[in-house]
Amino acid sequence: MTTPEILVLGLGNIIMRDEGLGVRACERLTRHYRLPDYVNVLDGGTLGLDLLPYLEGVTDLLIIDAVNAGAPPGSLVRLENEQIPQALALKMSMHQVGLQELLAVMALRGQTPPRCVLWGMEPLILEPGLDLSEPVAMNLDALVTSVVAELRSWGIPVSDPLKAS
């Protein structure tokens, strides 16, 4: 049995306030939790198609990003597989064009991971600035907790470093 190659991909532009919540969530994930070596956490920023080499050989993909789902700001959103490109049809930013293209190229190459999940949050402010809006900042821990729960449901032993021996 081969070890899975799992990628947690945080997307967004951190100088556009809530647009950077995926990157901020990945920072918090790596700061507060320990992950096995076969789980890679990547700040994908706004790289779009430039991320393609990082996705080669990935068996499971978990994306974290801002998602415009029409919900109240700070609401958590979970999408999987074919729901992801459908949700990206309503673009919030240029990097989502890149993500939609990235997923399409992977599908054309027959390299779409069998398990692809997007955990996101409804943003409030998408304009220049470094701080997350209040509803997004208040729910960032809940987003990270949801990502950890998702990884654990995949059988990945995610441990809290404060409780690790």
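**The sheet and its helices**

In this predicted model, five strands form an open sheet of mixed pairing, arranged in the order E2-E1-E3-E5-E4. Strands E2 and E4 (76–80) stand at the edges; each has a single partner strand, so one side of each is left without a neighbour in the sheet. From one strand to the next, the twist averages 20°. Within the sheet, E1 and E3 pair in the parallel sense over five bridges, and Leu-9 stands opposite Ile-63 in E3.

Two helices that pack on this sheet are described here. Helix H1 touches E1, E2, E3 and E5, and its direction makes about 130° with that of E1. Helix H5 touches E1, E3, E4 and E5, and its direction makes about 160° with that of E5.

**Helix H1**

Helix H1 covers residues 21–32, twelve residues in total. From its first C-alpha to its last it reaches 16 Å, close to the 16 Å expected at 1.5 Å a residue. Which residues of H1 are buried? They are Leu-21, Gly-22, Val-23, Ala-25, Cys-26 and Leu-29. An α-helix has 3.6 residues a turn, so residues three or four places apart point the same way. The cover over the buried residues of H1 includes strand E1 (6–11), strand E2 (39–45), strand E3 (60–66), strand E5 (115–121) and helix H5 (134–153).

**Two buried loop residues**

Gly-12 is found in the loop between E1 and H1. Gly-12 has a relative accessible area of 4% and is therefore buried, as the cut-off for this class is under 20%. Although Gly-12 and Leu-47 are 35 residues apart in sequence, their C-alpha atoms are 9.0 Å apart in space.

Glu-122 lies in the loop between E5 and H5. With a relative accessible area of 6%, Glu-122 is buried as well. Leaving aside neighbours within four places in sequence, the residues in contact with Glu-122 include Val-67, Asn-68, Ala-69, Gly-70 and Val-136. A polar atom of the Glu-122 side chain lies 3.1 Å from the backbone nitrogen of Gly-70.

**Salt bridges**

Side chains of opposite charge can pair when their charged atoms come close. A search of the whole structure finds five salt bridges. The table presents three of these pairs.

| Asp-141 | Arg-28 | 2.8 Å |

Asp-141 is partly exposed, at a relative accessible area of 46%.

Arg-115 is partly exposed, with a relative accessible area of 30%, whereas Asp-60 counts as buried at 8% relative accessibility.

Glu-150 is buried, with a relative accessible area of 8%, while Arg-78 is partly exposed at 33%. Both residues belong to a network of salt bridges that links Arg-78, Glu-80 and Glu-150.

Key:
Residues numbered from 1 in each chain as written. Predicted model: local features only at pLDDT ≥ 70, side-chain atom pairs only at ≥ 80, totals over all residues. Heavy atoms only, no water. Helix = DSSP H or I, 4+ residues; strand = E, 2+ residues; numbered from the N terminus. Expected span 1.5 Å × (residues − 1). Buried < 20%, exposed > 50% of the residue type's maximum accessible area, 1.4 Å probe, protein only. Contact = heavy atoms within 4.5 Å. Polar contact = N/O pair within 3.5 Å; in protein donor to acceptor, adjacent residues only side chain to side chain. Pairing = 2+ DSSP bridges. Axes fitted to C-alpha atoms, helices over the stretch in contact; angles between N-to-C directions. Salt bridge = Lys/Arg side-chain N within 4 Å of Asp/Glu carboxyl O.
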